[in-house]
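Student: I'd like to learn how to read a structure like this one. Could you walk me through a few features?

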Amino acid sequence: MTNSKPADANPGAPATIYLRDYKKPDYQLDSVELTFDLHETRTRVYSRLAFKRAPGIKKPVALKLDASHLQLIMLKLNSEILAPHQYQLEDESLSILTPPEQFELEIETQINPQENTALEGLYLSSGMFCTQCEAEGFRRITFFPDRPDVMSRFKVTIRADKNKYPILLSNGNKIDSGDLDDGRHWVSWQDPSLKPSYLFALVAGDLACQEDRFTSMSGRDIKLQLFTEAENIHKCDHALNSLKQAMKWDEDTYGREYDLDIYMVVAVNDFNMGAMENKGLNIFNSSCVLASPQTATDQDYYRIQSIIAHEYFHNWSGNRVTCRDWFQLSLKEGFTVFRDQEFSADLNSRAVQRIDDVNVLRAHQFAEDAGPMAHPIRPDHYIEISNFYTVTVYNKGAEVVRMLCNILGRDGFRKGTDLYFERHDGQAVTTDDFVRAMEDANNIDLSQFRNWYSQAGTPELSVNESYDQQNQRYTLSIRQSCPPTPGQTDKQPFHIPLAMGLLDRQGHALPLRLENETTTEASFSRMLSLNDAEQSWIFTGIPEKPVLSLGRGFSAPVKISLPHDNDELAFLFAHDSDEFNRWDAGQTLAIKIMLDLVEDYQADRHLHLPALFIDACRSTLNNAALDKALIAQALSLPSESYLADQCAVVDVDAIHAVRQFMRRQLAEALEKDWLKIYEENNICVDYQFNATDMARRSLKNLCLSYFLELDNPQYQQHCLQQFEQANNMTDMLAALSILSQHDIPQRQPALDAFYDKWKHDRQVVEKWFSIQATSSSADTLNKVQELMQHPAFSIKNPNLVRSLIGRFCAANPVNFHRVDGSSYRFLAEQVLVLDELNPQIAARMVQSLSRWRRFDAARQDLMREQLERISQHPGLSKDVYEIASRSLQE
């Protein structure tokens with residue numbers, strides 16, 4: 001891949017990389033042998049690389065190897081030391097100028113893991129060596145063609161002090177080990193699979209191990225190992241159980257069996273990502289793998305189950321079939337997110353899983369699509385690829401895969417994935433190869449569907465309907481459009497699958513038969529395909545004007561403008577048989593009411609919550625037939641951030657005031673109901689992670705949050721009592737979070753008591769920081785600055801930065817968007833500090849300023865000022881430069 005700049009680029013700006021410039025590698029890499037002499041500040045890496053020219057390359061051409069923060073010690077070609085005129089060494093590359101057709105390269109480098117605060121390549125975390133090589137971290141280990149389409153087989157030998165680092169791990173199978181004379185020891189690993197450098201992994205440390213076994217569908221016995229620090233070994237059971245569930249699910253659902261004899265997982269405290277799917281040796285952020293009822297919430301358990309599955313599923317969708325270049329990132333991530341979402345839905349509540357998925361998409365991805373960082377799920381250019389590990393590539397990418405499943409049906413989709421894995425096993429391929437497998441397996445043309453891969457933005461659907469009583473005909477008309485996004489002003493129509501149903505006035509589903517259909521048996525739900533800019537469907541045999549339920553199960557990632565009034569939305573909220581659309585009708589009704597109230601607040605008019613909404617909430621709360629988890633979701637008001645996305649100009653204070661008003665009104669109107677449901681579900685039993693108990697706890701804690709909106713000392717005591725007596729972290733943390741949102745005497749003593757009890761546990765301390773960062777109290781910014789000096793906080797640890805600084809800036813809009821701009825200045829200061837330490841994390845933080853144009857003029861000026869301050873800072877990383885500069889572009 002080549003770097004290039006547009007002719008009008010800032011001459012001092014980092015180079016932009018374009019998809020159109022992709023070029024196959026000039027050399028194949030037949031084998032890789034690596035030897036590591038581990039030392040905290042002076043690790044030596046010896047590499048032996050066997051190259052040969054790629055087919056079609058007839059003449060000698062320079063071999064360019066990627067590099068970053070490396071010290072070259074030795075360089076040999078075919079056992080001969082190279083003279084300076086035979087190679088060219090630069091800060092980010094090493095070029096062998098005229099290599100022969102086939103040759104062996106030997107390289108010795110020295111690196112300093114202790115000073116590697118970027119946490120890419122090889123680094124130290126809590127006294128343990130570990131690696132993170134995706135996307136371009138391997139170039140910080142040794143000179144290498146660090147690109148995903150260069151695949152080879154690796155043999156790795158690790159040497160280290162045996163007392164300090166008794167456990168030495170790498171990919172594949174352990175083939176040999178031994179002791180050395182100087183108190184050190186060594187272990188050799190061999191990976192039989194072809195893999196690119198980004199899937200390389202190494203871990204060395206004093207670790208405890210918990211083992212389990214899994215018998216595959218062909219009868220193979222597979223050893224499962226989870227490594228962590230000894231004090232956390234009791235937190236491994238859930239992850240190992242989740243792993244076995246994922247292995248069985250992938251066999252049953254996709255026919256995919258694990259291919260090695262051992263599967264290892266390592267928990268690491270300092271990690272930029274959630275986890276990494278390195279072949280046979282997954283490395284996990286500790287927060288995403290360790291759990292016990294006393295230290296982890298239901299959401300933690302749920303997330304761990306999902307992430308364990310996600311990384312395991314990558315063994316096929318990402319490892320055995322990987323991406324040709326980083327523009328194809330959604331090939332592995334979008335597909336695998338879809339797989340882990342379906343896994344979680346099958347094991348838990350499908351409706352709640354779908355609601356969770358859509359909440360993430362609407363709150364974060366729709367916002368990304370509407371901002372300066374908008375990009376297709378297959379981007380066509382980037383400066384720093386780490387900036388494109390986004391909700392667009394991951395979550396919208398998953399929705400695109402889901403649409404393929406909706407269009408083809410589950411059987412057709414399985415045929416397509418079978419062909420994809422069979423055709424491309426051991427290859428690095430593209431998103432187009434994935435779609436082509438779906439086409440070939442199902443004899444279907446998906447040419448128009450490919451627009452989802454190349455066009456950014458969220459499609460918007462405008463819906464009209466008409467009913468002909470005399471002829472019992474119902475006509476549904478839909479117009480699609482997509483707003484302009486950076487670099488894309490004109491959009492072609494998308495192929496959009498839309499699941500729909502029609503309800504009569506008693507809430508019963510109507511049979512759906514399209515005009516001129518005679519042989520097909522009428523069904524009660526249909527999947528329509530919207531292909532044109534405007535399209536209509538006529539349904540016959542409809543005896544009365546129906547109520548439309550469209551986009552069932554969120555069948556496509558689009559915004560739908562329905563012709564429903566508040567009464568029809570309340571009707572769907574009460575009667576829709578599709579659980580997602582039932583929830584969505586309630587959310588849409590809440591948003592319409594909240595937007596009206598925002599206007600009233602801005603005009604200084606009296607605020608009034610319609611009785612229709614209160615009655616709908618009361619009915620839902622007391623509906624014993626509904627899933628309790630669904631009730632909790634249905635009665636959770638849309639977030640302030642999502643409501644802000646519905647406004648032409650964001651009025652932070654009005655949105656906050658209106659949402660608080662609605663919560664208080666619901667608390668007062670349903671006071672007896674909240675208390676009754678709370679007491680019915682406040683059962684003291686041993687903690688279990690299952691859908692029934694999670695649903696009960698979620699509804700109970702929602703009720704607790706509502707009746708604490710009332711200034712009633714009795715309810716405050718209820719909350720404090722739950723905090724003090726809870727036998728699990730879910731209930732304890734819920735009570736503490738609720739207390740932290742209210743200026744009451746119990747608040748600070750509870751926070752202090754929580755820290756005193758859990759200060760020895762890093763994952764729990766992260767929660768303690770996060771709770772305080774998201775408090776709506778007016779002094780939260782000062783509190784966050786004070787907590788940055790706390791002995792438990794370190795700006796070098798990504799989890800702590802995300803928990804405190806990240807949560808304050810991204811999840812506390814009323815305090816982050818203070819009218820004096822002090823929070824913006826605070827963020828800019830932290831971004832510049834972080835950029836020197838960990839550019840990836842710094843770039844994530846600066847995105848809180850990227851949508852500055854959405855706010856009032858005064859806040860726009862204040863946010864732009866800090867973006868300019870960041871973008872003009874000397875020595876800025878590529879990561880932060882790309883986000884800041886794109887945010888400032890017109």
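Tutor: First, the ground rules. This is a predicted model, where local features need pLDDT of at least 70 and side-chain atom pairs count only at pLDDT 80 or more, while totals for chains, interfaces and linings use all residues. Residues are numbered from 1 along each chain as its sequence is written, and side-chain values use heavy atoms, with hydrogens and water left out.

Student: Which strands make up the open sheet, and in what order?

Tutor: Strands (E, at least two residues) and helices (H or I, at least four) are DSSP runs, numbered from the N terminus. Two strands pair if DSSP finds at least two bridges between them. Here, four strands run in the order β11-β12-β17-β14, with antiparallel pairing. β11 (121-125) and β14 (167-170) are the edge strands, each pairing on one side only.

Student: How many bridges join β14 and β17?

Tutor: Four, in the antiparallel sense, with β17 covering residues 202-205. As for Ile167, its bridge partner in β17 is Gly205.

Student: Where do the side chains of a strand point?

Tutor: In a regular strand they alternate between the two faces of the sheet. Take β28: Ile496, Leu498, Met500 and Leu502 point one way, and Pro497, Ala499, Gly501 and Leu503 the other.

Student: What does β28 pair with?

Tutor: β28 pairs with β30 (residues 526-530) over five bridges, in the antiparallel sense, and Leu498 stands opposite Leu528 there. With β32 (residues 547-550), β28 has four bridges, again antiparallel, and Leu503 has Val547 as its bridge partner.

Student: Why does Glu106 count as buried?

Tutor: Because its relative accessibility is 14%. Glu106 sits in β10 (residues 102-111). Contact means heavy atoms within 4.5 Å, and Glu106 touches Ser47, Arg48, Met74, Leu75, Lys76 and Ser79, not counting residues up to four places away in sequence.

Student: How do I check the span of helix α17?

Tutor: The expected span is 1.5 Å times one less than the number of residues. For the 12 residues of α17 (residues 729-740) that gives 16 Å, and the end C-alpha atoms are 16 Å apart, which agrees.

Student: Is α17 mostly covered or mostly open, and what covers its buried residues?

Tutor: Mostly covered, with 11 of its 12 residues buried. The covering elements include α2 (298-313), α15 (691-707) and α16 (713-725).

Methods
Buried means under 20% relative accessible area, exposed over 50%, partly exposed in between (1.4 Å probe, protein chains only).
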